[in-house]
Amino acid sequence: MTASLFQGELVRLVMENPEDFAKAFSRWGRDSEFIRLLDNDPARLVSVKTAKEWFEKDLEKEALEEAFFIIQPLESDQSIGFVGLGGIAWNHGEAWVGIGLGEREYWGKGYGTDAMRVILRYAFTELNLHRVSLGVFGYNPRAIRSYEKAGFVHEGRIRKQLWRDGKHWDAIQMGVLRNEWLERVKGEVQ
Amino acid sequence: MSTLLFQGKLVRLGMDNPEELAKCFSRWRRDTEYYRLLDTDPARMFSVKAFQKDFEANLEKKPFDDYLFTIHTLKDDRLIGFIWLGGIDWNHGNGWVGIGLGEREYWGKGYGTDAMQVVLRYAFTELNLHRVSLNVFAYNPRAIHSYEKAGFQQEGRLRKLICRDGQRGDDIWMGILRDEWLKKQEA
């Protein structure tokens, strides 16, 4: 059995200090490009206190319906982003994943892909899920490429769902099935 | 797809009225034999209000992870007992089941077995569980026989766990796997 389920090649997933993370999360909101890549809600700012309350409330829940983690690079204790499974439908064995790297200097260097691999391993070998789904915006090719590397396939698109800077963009649905993932990691994971 | 997932051949499962069930729960406790067949806790009495609060809190729980049903006869819709599916380990796909018929005149006539079959169908076809577990006391052969009819196998026993009327008895563990249940449906 894997001894460090929460560690990858470049990052580790933690949830030791929601307050630190809340500070980082609040600060990342200033970068509206980050927010627009992350979410389709109107960009807004969230106080440290509000963010902290969200995370703490989530951690207190007894039944596991979300699994949310802070991403740290192996070489430091800096919180560079987050990744989480949510909307877990246990009877169907399905969940959604969301990821964001708030620290720009870690973009495009494999940190996000590594964090995604760690959480997929968690989803398939610890939670024993059957599939993991995600949505990504047509204007985020870097993320799409990262998800493809982690094993997600394109399953559909919601045409012109988003309207940003006067232009309409598609939202893309991606997913990875347990069997596909197992085939991919054969030899790497028991 | 089955459209009457909560209905069997003799009974239907409901949760129409938590207050009614609370009244029954409180009254059924007068029957100590019933309670001693049901649970290892010392027999004691609870008010209708206490039970009702429990049931209502259960129904409001989010996420919903305890499935408690009342058992009603199909013939005259009488509330005769309860059945519960809970303690679900979703990542392993295991759930526990508990059943009790508080109305004695329905003992030994297939009502409990029928309710168990309805809950197993619910567990395997709606919740998509992998196994269902239960425990039963060795001094309750009627229940053991009913569980075997529903497809459960004896898997182990906790020796001399229970002490009642100066006698020590075993606690028997039973379980049914999804594949076994599916095979039984084809037969």
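How many residues does the contact take from chain B and from chain A? It takes eight from chain B and eight from chain A, with two residues counted as in contact if their C-beta atoms, placed from the backbone, lie within 7 Å. On the chain B side, three of these residues are nonpolar, three polar and two charged. The model is a predicted one, where local features need pLDDT of at least 70, side-chain atom pairs count only at pLDDT 80 or more, and totals for chains, interfaces and linings use all residues. Residues are numbered from 1 along each chain as its sequence is written, while chains are lettered from A and ligands numbered from 1 in the order in which they are written.

Now to the sheet in chain A. Seven strands (DSSP E runs of at least two residues) make up an open, mixed sheet ordered β1-β2-β3-β4-β5-β7-β6; pairing calls for at least two DSSP bridges between two strands. The edges belong to β1 (11-14) and β6 (153-164) of chain A, each with a single partner strand, so one side of each has no neighbour in the sheet. β6(A) pairs with β7 (residues 167-177) of chain A in the antiparallel sense, over eight bridges, and W163(A) sits opposite H168(A) in β7(A).

Over in chain B, helix α1 (residues 18-28; helices are DSSP H or I runs of at least four residues) has P18(B), L21(B), A22(B) and F25(B) as its buried residues, buried meaning 20 or more other C-beta atoms within 10 Å of a residue's own. Their cover includes α3 (48-60), β2 (67-73) and β3 (79-89) of chain B.

Notes: A residue is buried if 20 or more other C-beta atoms lie within 10 Å of its own, exposed if 12 or fewer, and partly exposed in between; C-beta atoms are placed from the backbone. Ala, Val, Leu, Ile, Met, Phe, Trp, Tyr, Cys and Pro count as nonpolar, Asp, Glu, Lys and Arg as charged, and the others, Gly among them, as polar.
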